[in-house]
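Visitor: Hi, I have a structure to go through and I'm new to this. Can we take it piece by piece?
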Amino acid sequence: MSNTTPPVPPYRGPGSPREVPPAPGQSPIDPATLPDPIRKEIEAPDPVAIDTASKELEDGVNRCPKCGSTDVRQKPGSDQLICMYCRHQWQSARVEEQFGLGEGIDQLEGTVIASGARDIAADARNLMTFKCSGCGAEVTVNTENAMTARCHWCRHVLGVNEQIANGAVPDAVLPFHIKKEDAVARIRQFVDKRRLFALKAFKEQFTPENVVGVYLPYMIVDGNASADVGGFGEIKTREYTKGSGDSKKTYYDADVYSVSRHVDFTVDDLPLESSAARGNLDTRRNTNNIINTILPFDTKNAIKWNASYLAGFTSEKRDLNVTGLRPELEDQLLSIARSQVEYSVNQYDRGVRWEQERIDVHGSRWVSMYLPVWLYSYFQPGSNGGMLHYIAVNGRTGETMGSVPVQQWKLISTALTVGTFVEGIVLWLIGHSS
């Protein structure tokens, strides 16, 4: 009797005449023989979903816990909801506390995805229909541009709280604190400081009262990562000049060292734009990058999703999935890693040139969130489709930044005037010192 192990049957998975994947344990491919990136992907645990859905609000009705009214809105300047009928106030739970999102970041493995951050279904619809519990009428909400609607028969307010697969319902929302009149004042002040060089048409059409409060979609990511960077650092040993007059040049001698660093680190609440339109930073067409300049947001205070917070505001849907955002995550993590090792290379006074970089994301946790921004926009006609300018105000901190179209000839003439003035002063000083 032979103890020889029977030969492994030929692989008959995808690409074979059978076109059937092998049953578990039948594949002759040993994962240990595969390249590290492929092996890690195969062996990585499946994404885990944190269920943040509000079961009690799935019928679209958010009732006041005191009187039962559905006319509920955010109390201006706070994170609380207020009943417009009996004036009772209450607050939804913070997602950080309810789901433990600030814990165990250094222990993260694989990909953990909250239910509102799951992949968007390609065929998901925008129209949501609810049966009004007050009168039985059907109320339709178009999630493309709104999250609440009022029944035209009994005036009940219904909102989209069920986590549908079109990216319109996140896990959490960070309510507005800055009121519209405050945002208008900040935008007016921002423009007034730049009015001298602003385009004439912009000044004539500037109406900051048209500012819009909008909730923008973000992925808030916790990450457990490590990075390796390598390159060459230089320490100056001598500085000297050669030549004279216009041919005079400065030279440096330096010792060159091979430098490598390894760093383990975590990130907590890293925001990534999850709208492809907002993530497009083509400065030839728009000034979307303005949104990044008003960061950060106090995402630790984000509230569990409730459509009532969006009453009176507009919103944009998320259209990017976790997979599509991974390259952006890795790029930002590499930037963080470089800053982490910066303090350790101060001795290289001529600088360090990093030539190799590697990032390993051991684990990540993704939560979909709406962040509040006051926006004023202006379209400047021109070649190549013109330019869309934005002035943005952080809806929590009031931080304001924007782009104002300018008259180029004014900038040039001012630069020439200032340059001539400075040149005159220099010549006068030289003349009086000789």
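This is a predicted model: local features need pLDDT of at least 70, side-chain atom pairs count only at pLDDT 80 or more; totals for chains, interfaces and linings use all residues.

Visitor: What volume does the largest cavity have?
Guide: About 80 Å³. Its lining residues, which have an atom within 4 Å of a point, include Val95, Asp222, Thr299 and Arg365.

Visitor: Which element gives the most to that lining?
Guide: Strand 15, with three residues. Helix 2 (95–98), strand 11 (212–242) and strand 15 (352–380) each supply at least two. Helices (H or I, at least four residues) and strands (E, at least two) are DSSP runs, numbered from the N terminus.

Visitor: How do the residues of that lining divide?
Guide: Five are nonpolar, one is polar and four are charged. Ala, Val, Leu, Ile, Met, Phe, Trp, Tyr, Cys and Pro count as nonpolar, Asp, Glu, Lys and Arg as charged, and the others, Gly among them, as polar.

Visitor: And the second largest cavity, how much space lies there?
Guide: About 50 Å³. Strand 9 (residues 157–159) brings the largest share of the lining, three residues. The lining has three nonpolar residues, seven polar and no charged. Among them are Gly60, Asn62, Thr148 and Ser308.

Visitor: What about pockets?
Guide: A pocket is an open set of points with protein on both sides within 12 Å along at least five of seven lines. The second largest pocket holds about 240 Å³ of space. It is lined by 17 residues, and the closest to its centre are Gln74, Pro76, Gly77, Ala311 and Phe313. By class, nine residues of this lining are nonpolar, four polar and four charged.

Visitor: Switching to rings. How many aromatic pairs are there?
Guide: The whole structure has 12 aromatic pairs. Rings of Phe, Tyr and Trp (its six-membered ring) pair if their centres lie within 6.5 Å; planes under 30 degrees apart count as stacked, over 60 as edge-to-face and the rest as tilted.

Visitor: Why is the pair of Tyr215 and Phe313 called edge-to-face?
Guide: Because the planes of Tyr215 and Phe313 are at 80 degrees, with the ring centres 5.6 Å apart. Tyr215 lies in strand 11 and Phe313 in the loop between strand 13 (303–304) and strand 14 (314–315), so the pair ties together parts 98 residues apart in sequence.

Visitor: Is Tyr215 buried or exposed?
Guide: Tyr215 is buried, with a relative accessible area of 0%. Buried means under 20% relative accessible area, exposed over 50%, partly exposed in between (1.4 Å probe, protein chains only). Ring pairs also link Tyr215 into a cluster with Phe176, Trp305, Phe313, Tyr370 and Trp374.

Visitor: Where do charges sit over rings?
Guide: Arg194 lies over the face of Phe190, 3.7 Å from the ring centre. Lys242 lies over the face of Tyr251, at 5.5 Å. The rule asks for NZ of Lys or CZ of Arg within 6 Å of the ring centre and within 35 degrees of the ring normal.

Visitor: Now strand 16. How many of its residues are buried?
Guide: Seven of the eight residues in strand 16 (residues 387–394) are buried. Strand 16 pairs with strand 15 in the antiparallel sense over eight bridges. Two strands pair if DSSP finds at least two bridges between them.

Visitor: What links those two strands?
Guide: Strand 15 and strand 16 form a hairpin with six residues between them, and Asn384 in the turn has a positive phi of about 60 degrees. Met387 in strand 16 is the bridge partner of Gln380.

Visitor: What is on the other side of the chain from there?
Guide: Strand 17 (residues 400–402) runs antiparallel to strand 16, and three bridges join them. Their hairpin has five residues between the strands, and Gly398 takes a positive phi near 85 degrees.

Notes:
Residues are numbered from 1 along each chain as its sequence is written. Side-chain values use heavy atoms; hydrogens and water are left out. On a 1 Å grid over the protein atoms alone, a cavity is a set of points where a 1.4 Å probe fits but cannot get out, and a pocket is an open set with protein on both sides within 12 Å along at least five of seven lines; lining residues have an atom within 4 Å of a point. Grid points are joined across faces, edges and corners, and a volume is the space filled by probe spheres set on the points.
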